[in-house]
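Open the model in a viewer and keep the selection tool at hand. Each stop below says what to select and what is there.

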Amino acid sequence: MRLQLLTAGESHGPGLTLILEGLPAGLPLDEEIINQDLARRQHGYGAGPRMKIEQDRAQILGGVMDGKTTGAPLAVFIENRDHSRWKGKPIRRFTIPRPGHADLSGVLKYGYDDLRPALERASARETAARVAAGAVCRHLLAQFGIRIGGYVASIGEIRADLQDLPLEERIRHALTSEVACPDEPAAQAMQARIREIMQQKDTLGGVIEAVALGVPPGLGSYVHWERRLDARLAAAVMSIPAIKGVEIGPAFENTTRPGTLVHDPILLAGGDLQRAGINSGGLEGGITTGQPILIRAAMKPIATTLNPQRSVDLAEGVAVETRYERSDFCPVPRAVVIVEAMLAYVLADALLEKLGGDSLAEMLPRFAALPRARLSDVHLRQDDPVFWRGEETE
């Protein structure tokens, strides 16, 4: 692993800090590149009241001089504007864990005397720091022609019809949709369904798809389990709060088909080795194929609901109902950029692993020299090899 990401901070503390170690020197970078993605994380149909308070802006504290990365760790701070409402004030003790949150599991693990330390750190507020790091990684990948995008494929029972829409158009249309869905009729239905769930004082989940275009073949490896790129991507996306399932391509749908209809045929066209589809999600054997990478993430309905749920007051030892803590009704549209961020982070790490080098100037010619999916890039021997020699072959 070349890149390492650390985040620190609590949901209602002074702010969030991220350290991104391993960036090459010479990458042009300013705060507005990060702020564009931070704004996407805040805006989306179904967002809760917290998003009206926060106006996230990145402050680069280290790792950039004269507008370019230096090769030193990048440090970024994001202020929590809501902190002023909490600073220096007594906070009502939190003793009733909410089903679906880290409240109870955090207390059992760390031995807190209040539930709040668990929910403060487990909160999705932490993903603002990840989006900031992902924006930097997205910007690094763009120097090599690799593009990252995403969109909402479903919310609740409403599913978008995307079959005939090219990936680039899906990404482009999603950027102008309030629910980040490229299928306009489905987007309208999703908004109506979110309005219904708000009136019912409940929450909705959905499925997000994130795409990487222009990825060269050969990133990742099958030689050790932890180096398989699909495993690294799945772990990164699954680490996002409320994400409970990850697919590489249409993995679960593929289970209903025979193998001859699942595996992408290899075709020769003018010296290029092409594929007839992307059922593999752009990865085979834990290695990129040169096709677009497609990740599908299942986001559960978030656990904080206006309607109370059954729980236990841990201080009193009695059955009670949960108390409401403000939250989104449907965070799926806002989470698209978070899934993109984790995809960008893992791919940037894999690219640095493949290319090596300490500066962007070193990496660019190495990238240009990488083998592509061309017949001329394959060099096979003409004889029949003996791979394991025994006494009878010596």
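Select Phe387 and Trp388: both are exposed, a word that stands for over 50% relative accessible area, with buried for under 20% and partly exposed for anything in between (1.4 Å probe, protein chains only). This is a predicted model, in which local features need pLDDT of at least 70 and side-chain atom pairs count only at pLDDT 80 or more, while totals for chains, interfaces and linings use all residues. Residues are numbered from 1 along each chain as its sequence is written, and side-chain values use heavy atoms, with hydrogens and water left out.

Stay with the rings. Rings of Phe, Tyr and Trp (its six-membered ring) pair if their centres lie within 6.5 Å; planes under 30 degrees apart are called stacked, over 60 edge-to-face, and the rest tilted. By this rule there are 3 aromatic pairs. In one of them, Phe387 and Trp388 have ring centres 5.9 Å apart and planes at 65 degrees, so the pair is edge-to-face.

Next, look for charges over rings, where NZ of Lys or CZ of Arg is within 6 Å of the ring centre and within 35 degrees of the ring normal. Select Arg372 with Phe367: the arginine lies over the ring face, 4.6 Å from the ring centre. Then select Lys109 with Tyr110, where the lysine lies over the face at 5.3 Å from the ring centre.

Now turn to the sheet. Helices (H or I, at least four residues) and strands (E, at least two) are DSSP runs numbered from the N terminus, and two strands pair if DSSP finds at least two bridges between them. Select β1, β2, β6 and β3, which in that order form an open sheet of 4 strands with antiparallel pairing. At the edges stand β1 (4–8) and β3 (58–62), each with a single partner strand, so one side of each has no neighbour in the sheet. From one strand to the next the twist averages 20 degrees. Strand β2 (residues 15–21) is joined to β6 by 6 bridges; Gly15 has Glu79 as its bridge partner in β6.

Contact here means heavy atoms within 4.5 Å; axes are lines fitted to C-alpha atoms, for helices over the stretch in contact, with angles from 0 to 180 degrees between N-to-C directions. Helix α1 (residues 31–42) lies across β3 and β6, at about 140 degrees to β3. Helix α5 (residues 127–142) lies across β1, β2 and β6, at about 35 degrees to β2.

Where is Thr95? Select the loop between β6 (74–79) and α3 (103–110) to find Thr95. Thr95 is buried, at 11% relative accessible area. Its side chain makes a polar contact with that of Asp313 at 3.1 Å; such a contact is a pair of N or O atoms within 3.5 Å, where within protein one must be able to donate a hydrogen and the other to accept it, and residues adjacent in sequence count only if both atoms are side-chain atoms.

Move to Ile155, in strand β7 (residues 147–155). Ile155 is buried, with 0% relative accessibility. Leaving aside neighbours within four places in sequence, the contacts of Ile155 include Val179, Met190 and Cys330.

Finish with two backbone angles. Asp66, in the loop between β4 (64–65) and β5 (68–69), has a positive phi near 55 degrees without being a glycine. Ala242, in the loop between α8 (229–238) and β10 (243–248), has a positive phi of about 80 degrees and is not a glycine either. Asp66 is exposed at 81% relative accessibility, whereas Ala242 is buried at 17%.
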